[in-house]
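Biologist: I have a model open and want to learn how to read it. Please take me through it feature by feature.

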Amino acid sequence: MAKAETTGEGVARGSAEPSAVSMAVLGVEGALVCAALFVAVLGAQAGPGDGEPFAALAVVPLMLVLILFAGGVLTAAYVVPAVRLAHWTARQLTGRTAWWWIPPACTLWVLPALAVPAWHLAGLGVYAVALPPALAVHVTVVRARAGRPVQPCAAILSWGALAVGCVVIGGGAVVAAG
């Protein structure tokens with residue numbers, strides 16, 4: 001995988017390692033899931049027989065740690081190998097890499113799950129979770145190889161934190177109004 005150090009207007013900017021980009025995207029996805037679950041628990045506890053609505057807050061950090069661990073495993077076992085396979089296949093067949101090789105390469109990892117009817121939903125879930133980081137890794141690698149600036153992980157995490165805040169505040173407002 002490519003790791004580039006780009007310069008823009010005389011300022012050196014560190015690159016984003018593909019695995020770090022994948023972990024950043026998976027971390028944002030996990031935080032969004034935790035935020036949505038927190039809002040759902042708040043909504044469920046806001047009914048008659050009110051429990052302590054912030055008891056769910058104690059579970060969210062543990063869940064986020066577990067999601068980040070799963071994100072690390074998913075990055076190492078699924079995302080980065082799928083991007084490498086897609087890039088290798090594209091170079092062999094067409095001589096260049098393009099984003100549309102990523103979805104078929106990601107599909108290969110879930111084909112065994114599609115063979116068992118009870119695992120269809122789980123396979124689709126893994127595919128849906130892994131495709132955005134795979135596309136982000138692809139963009140990072142292609143931009144780094146071309147010598148263009150790469151979006152650092154801090155930007156991904158900043159926008160993700162903004163999205164998580166919007167989910168919690170917006171969802172909390174809806175729950176409080178309902």
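**Reading the model**

Modeller: The chain has 5 helices and 2 strands. Helices (H or I, at least four residues) and strands (E, at least two) are DSSP runs, numbered from the N terminus. This is a predicted model, so local features need pLDDT of at least 70, side-chain atom pairs count only at pLDDT 80 or more, and totals for chains, interfaces and linings use all residues. Residues are numbered from 1 along each chain as its sequence is written, and side-chain values use heavy atoms, with hydrogens and water left out.

Biologist: Which residues does the UniProt "transmembrane region" annotation cover?

Modeller: The unreviewed UniProt entry gives residues 20-42, 54-79, 99-119, 125-144 and 156-177. UniProt positions are in the numbering used here, feature names are shortened, and annotations may be inferred rather than shown by experiment. Residues 20-42 are 100% helix and 0% strand, with end C-alpha atoms 32 Å apart. Residues 99-119 are 62% helix and 0% strand, and there the end C-alpha atoms lie 27 Å apart.

Biologist: How do I read burial?

Modeller: Of the 178 residues of the chain, 32% count as buried. Take Ser22, in helix 1 (residues 18-45). Ser22 is buried because its relative accessible area is 0%.

Biologist: Which residues is Ser22 in contact with, leaving aside its neighbours within four places in sequence?

Modeller: Contact means heavy atoms within 4.5 Å. By that rule, Ser22 touches Thr75, Val79, Pro133 and Val137. Now the chain as a whole. Among contacts between residues at least 6 apart in sequence, 70% join residues at least 24 apart.

Biologist: Where is Ala98, in a helix or in a loop?

Modeller: Ala98 sits in the loop between helix 2 and helix 3. Its relative accessibility is 7%, so Ala98 counts as buried. Ala98 and Val142 are 44 residues apart in sequence, yet their C-alpha atoms are 8.6 Å apart in space.

Biologist: And aromatic pairs?

Modeller: A pair of aromatic rings is described by the distance of the centres and the angle of the planes. Rings of Phe, Tyr and Trp (its six-membered ring) pair if their centres lie within 6.5 Å; planes under 30 degrees apart are stacked, over 60 edge-to-face, and the rest tilted. A search of the whole structure finds 2 such pairs. One is Tyr78 with Trp109, tilted, at 5.9 Å centre to centre and 50 degrees between the planes.

Biologist: Why does the pair of Tyr78 and Trp109 tie together parts that are apart in sequence?

Modeller: Tyr78 lies in helix 2 (residues 56-93) and Trp109 in helix 3, so the pair ties together parts 31 residues apart in sequence. Tyr78 is buried, at 4% relative accessible area, whereas Trp109 is partly exposed, at 32%. Trp99 and Trp100 also pair, edge-to-face, at 6.1 Å centre to centre and 75 degrees between the planes. Trp100 counts as partly exposed because its relative accessibility is 45%.

Biologist: Which residues make the nonpolar surface patch of about 350 Å²?

Modeller: Leu108, Trp109, Leu111 and Leu114. Patches are made of residues with over 30% relative accessible area and no salt bridge: like charges are joined within 9 Å, nonpolar side chains (Val, Leu, Ile, Met, Phe, Trp, Tyr) within 5 Å. A salt bridge is a side-chain nitrogen of Lys or Arg within 4 Å of a carboxyl oxygen of Asp or Glu. Accessible areas come from the Shrake-Rupley method with a 1.4 Å probe; for residues, only the protein chains shown count as cover. Leu111 belongs to helix 3 (residues 102-114). Leu111 is partly exposed, with 42% relative accessible area.

Methods: Buried means under 20% relative accessible area, exposed over 50%, partly exposed in between (1.4 Å probe, protein chains only).
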